[in-house]
Amino acid sequence: MSTPSSDPVQLQATLFDFAIAELVRQHRESFQPIWSVDSWVKLLIWLSLNCGCRGDEDGMKCFAEALGPSLTTRLRRLFFERELEDLDLQLMADPAEPQVLVLPMGPGAPLDLSRVAAVIERMQLEEQVVLDQDRWQHLDGVVAIPRRESAP
């Protein structure tokens, strides 16, 4: 019996997972406006065209079906997630969610609001979230920041 590190199928799956994650991370800033559904759709169109799909509705449907819900969910999470190592914080800002989440990257690291505010500013989310820190929620080590009603 082969170990996972020498199993060709497992190696191919690991390589695919690594490659697609890096592809999304390296190109997600290219699709504007950032932090929007439009940027996500532009990434999917770009990926589908580069995979040889037609740019029409049928081609896009075929591509979406080929991705499947599991891979699509993973890609979307990668697309709207950022790790800010210098602040030891992770940001999750999917525009489909009613809140932006900020959480510590390390276990037991306290979350102070000045660092959370720095993340919001650095990631240029001020126009999309409620800036009144009294409305931010502390949820078991996570800060949940509501989106503005008029946010795109």
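This is a predicted model: local features need pLDDT of at least 70, side-chain atom pairs count only at pLDDT 80 or more; totals for chains, interfaces and linings use all residues.
Strand S1, which covers residues 81-84, contributes 3 residues to the lining of the largest pocket, the most of any element. The space inside the largest pocket comes to about 250 Å³. Its lining is made up of 14 residues, and those nearest the centre are Arg 28, Glu 29, Glu 81, Arg 82 and Met 123. Sorted by class, the lining of the largest pocket holds 8 charged, 4 nonpolar and 2 polar residues.

The second largest pocket has a volume of about 190 Å³. Its lining consists of Arg 76, Arg 77, Phe 80, Glu 81, Met 92, Ala 93, Asp 94, Glu 97, Pro 98, Gln 99 and Leu 101. Two or more of these residues come from each of H3 and strand S3 (99-104). By class, 5 nonpolar, 5 charged and 1 polar residue line the second largest pocket.

A step back shows the overall layout. The protein contains 4 helices and 5 strands. Read from the N terminus, these elements follow the order α-α-α-β-β-β-α-β-β. The C-alpha trace spans about 50 × 45 × 20 Å along the principal axes of the protein.

The packing of the helices can be followed next. Two packed helices are described by the angle between their axes and the distance between the axes. Helix H1 (residues 8-27) and helix H3 (residues 57-79) have axes that come within 9 Å and cross at roughly 40°. H1 is therefore oblique to H3, and their crossing is right-handed. On the H1 side, the contact is formed by Phe 16, Asp 17, Ile 20, Ala 21, Val 24 and Arg 25, while H3 supplies Leu 71, Arg 74, Leu 75, Leu 78 and Phe 79. In this contact of H1 with H3, 8 residues are nonpolar and 3 are charged, with no polar residues.

Helix H2 (residues 37-50) also packs against H3, and here the axes come within 11 Å and cross at roughly 130°. This angle makes H2 oblique to H3. The crossing of H2 past H3 is right-handed. From H2, the contact draws on Val 37, Ser 39, Trp 40, Leu 43, Leu 44, Ile 45, Leu 47 and Ser 48; from H3, it draws on Met 60, Phe 63, Leu 67, Thr 72, Leu 75, Arg 76 and Phe 79. The class count for the contact of H2 with H3 is 11 nonpolar, 3 polar and 1 charged. Leu 75 and Phe 79 of H3 take part in the contact with H1 and also in the contact with H2. Arg 76, part of the contact of H2 with H3, also lines the second largest pocket.

Most residues other than glycine have a negative phi, and most peptide bonds are trans. The peptide bond from Gln 32 to Pro 33, however, is cis, with omega near -5°. Pro 33 is placed in the loop that lies between H1 and H2. Asp 88, a residue other than glycine, has a positive phi, near 60°. Asp 88 sits in the loop between S1 and strand S2 (89-92).

Key
Residues are numbered from 1 along each chain as its sequence is written. Side-chain values use heavy atoms; hydrogens and water are left out. Axes are lines fitted to C-alpha atoms, for helices over the stretch in contact, and angles run from 0 to 180 degrees between N-to-C directions. Angles under 35 degrees count as roughly parallel, over 145 as roughly antiparallel, 65 to 115 as roughly perpendicular and the rest as oblique. A crossing is left-handed if the near helix is turned anticlockwise from the far one by less than a right angle, and right-handed if clockwise. Contact means heavy atoms within 4.5 Å. Ala, Val, Leu, Ile, Met, Phe, Trp, Tyr, Cys and Pro count as nonpolar, Asp, Glu, Lys and Arg as charged, and the others, Gly among them, as polar. On a 1 Å grid over the protein atoms alone, a cavity is a set of points where a 1.4 Å probe fits but cannot get out, and a pocket is an open set with protein on both sides within 12 Å along at least five of seven lines; lining residues have an atom within 4 Å of a point. Grid points are joined across faces, edges and corners, and a volume is the space filled by probe spheres set on the points.
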